[in-house]
Structure formats: structure tokens, C-alpha cells
Amino acid sequence: MTAVLNRIIPSNDQMPGAGDLGIAAFIEDVAARSTDLTRLFNEGLAEIAVAAGQNTTQDFESLSNTSKHHVLKAV
């Protein structure tokens, strides 16, 4: 989740990426308050994992930036 958030809101010279700020924990906390949000959150992460090829040899973090972009755009 951290890698996904860092790709969506990357770091720059003045600020770390969203994932590095601990936003993943906040999202997980909010999602845990509702079974619908938990399901939606988990389904989204599963779709990203499948699109990134985690069932083969690569996971999202090991993809090139271009591939990460394509995976997130597809999902």
C-alpha cells in the first residue's frame, strides 16, 4: 500500500510521498470502520496485486515507474 500511495502522490524536494507519511495506516483505520469500505479496500489491493503480476515473479514495488503507472491506470 505504501508503494501505491507513493506512486499516486510522490515525494518532492519539500515533502515525502503519501505512503511515507503513514497515510496507509490512516486509510486502513478508516476502512476498518465499515465492512463495505474494508471489502472495497481489500478488493482494490487485490486488483493491484493481480495487475502487477504478484501471482508470478514481480510485485508492485519491483515494477518500473512506467509499469506502476500502467497498473494503477488499469485498476
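**A salt bridge and its surroundings**

Tutor: The side chains of R39 and E43 form a salt bridge, with 3.4 Å from N to O. A salt bridge here is a side-chain nitrogen of Lys or Arg within 4 Å of a carboxyl oxygen of Asp or Glu. Side chains of opposite charge can pair when their charged atoms come close. R39 and E43 sit 4 residues apart in helix α3 (residues 35-52), so about one helical turn separates them. Helices are DSSP runs (H or I, at least four residues), numbered from the N terminus.

Now the exposure of this pair. R39 is partly exposed, at 43% relative accessible area. E43 is also partly exposed, at 37%. The cut-offs: buried is under 20% relative accessible area, exposed is over 50%, and partly exposed lies in between (1.4 Å probe, protein chains only).

A word on the source. This is a predicted model, where local features need pLDDT of at least 70 and side-chain atom pairs count only at pLDDT 80 or more, while totals for chains, interfaces and linings use all residues. Residues are numbered from 1 along each chain as its sequence is written, and side-chain values use heavy atoms, leaving out hydrogens and water. pLDDT is the predictor's confidence in each residue, from 0 to 100. The protein chain has a mean pLDDT of 87, and 93% of its residues reach 70 or more.

The whole structure holds 2 salt bridges. R33 and D29 also meet through their side chains in a salt bridge, at 2.9 Å from N to O. R33 is exposed, with a relative accessible area of 63%. D29 is partly exposed, at 41%.

Back to helix α3, and to the core. The largest nonpolar core has 7 residues: A3, V4, I48, A52, F60, L63 and V71. Helices α1 and α3 are the elements that give two or more residues to this core. Such a core is a set of buried Ala, Val, Leu, Ile, Met, Phe, Trp, Tyr and Cys residues joined through side-chain atoms within 4.5 Å. Take I48, one of the core residues. Leaving out residues up to four places away in sequence, I48 touches V4, F60, V71, L72 and V75. Contact means heavy atoms within 4.5 Å.

To recap the pair: R39 and E43 are joined by a salt bridge, and both lie in helix α3.
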